[in-house]
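Okay, thanks for coming, everyone.

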Amino acid sequence: MFVEKIHLASLHNEEHTGLISYASEYAKDIDPQKGNIAAQLTDLDSQLELEKLALDQVQKNSLTQKANAADAVCDNALRGLFGHVKNQLNHFDPLVAEAAYGVNVICESFKDLPSRGRNSQTQGEEQLLNELEKVKADIETIGLTGWVNHLKDAHKAFLAVNTDRNAEDDAKPETNMRDARLSSDAAYKALVDRINAYITIDGGAAYTSFVTRLNGRIADYNATIAQRKGRKKKDDTDTTK
């Protein structure tokens, strides 16, 4: 029995911190002489403390929800822009397909933007927009102008909200929840991968309790994620009727 998979990015902040906390708590019950996870657990605990600080900051900040919403708009704008360019690669008009190829070369260098930490994404969006400005003719040829303008507007809106949030929060520690989550994700994955590897090698009797308890929590969180997706799908269907 291995640790089950979960899409960490789909968890809400409180859920994410909760899962990492459970993993840390349960891992401490593994026999240290047999567990061979001391380094991974130490790293996980360090990242968890930073994430808890970030979560506390988020919960106290009145503009966080607006910033998160603006961030999501940027993510969707990027995915929509990249998707449009990909579609145009197969355009029946060779001139359009050729223009799309040139634009796609640029987009490929920035395809990881939606998954970056917020500061890195903000800088990347500015760089992407600057690069796209250099191929304005191709942008018009493939009908991408609307998406570019949408990304510009979303980028400016996020900067405005984030500036207000920073002004309100300038006395608090500069700990970013998104970056903290990404660091915790890496530490969690390192711990789980190591445990699953030892289970593969020798059956993992030392990890049985950890895996059973953590999988129970993962099942609960996966059910919550599925329910949210189900509600969203229903809401999207209702709005199209």
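When I say contact, I mean heavy atoms within 4.5 Å. Helices here are DSSP runs (H or I, at least four residues), numbered from the N terminus. Keep in mind this is a predicted model, where local features need pLDDT of at least 70, side-chain atom pairs count only at pLDDT 80 or more, and totals for chains, interfaces and linings use all residues. Residues are numbered from 1 along each chain as its sequence is written, and side-chain values use heavy atoms, leaving out hydrogens and water.

So, which residues of H4 meet H6? On the H4 side you've got Asp-71, Cys-74, Asp-75, Leu-78, Leu-81 and Phe-82, and they meet Arg-118, Gln-121, Glu-125, Leu-128 and Leu-132 in H6.

Now zoom in on Gln-121, which sits in helix H6. Buried or exposed? Its relative accessibility is 0%, so Gln-121 counts as buried; buried means under 20% relative accessible area, exposed over 50%, partly exposed in between, with a 1.4 Å probe and protein chains only. Leaving aside residues up to four places away in sequence, Gln-121 touches Asp-71, Cys-74, Asp-75 and Leu-78, and also Leu-113, Pro-114, Arg-116 and Arg-178.

Back to H4, residues 64–88, for its other partner: helix H5, residues 94–108. H4 and H5 pack at about 140 degrees with axes 8 Å apart; axes are lines fitted to C-alpha atoms, for helices over the stretch in contact, and angles run from 0 to 180 degrees between N-to-C directions.

Note on methods: Helices (H or I, at least four residues) and strands (E, at least two) are DSSP runs, numbered from the N terminus.
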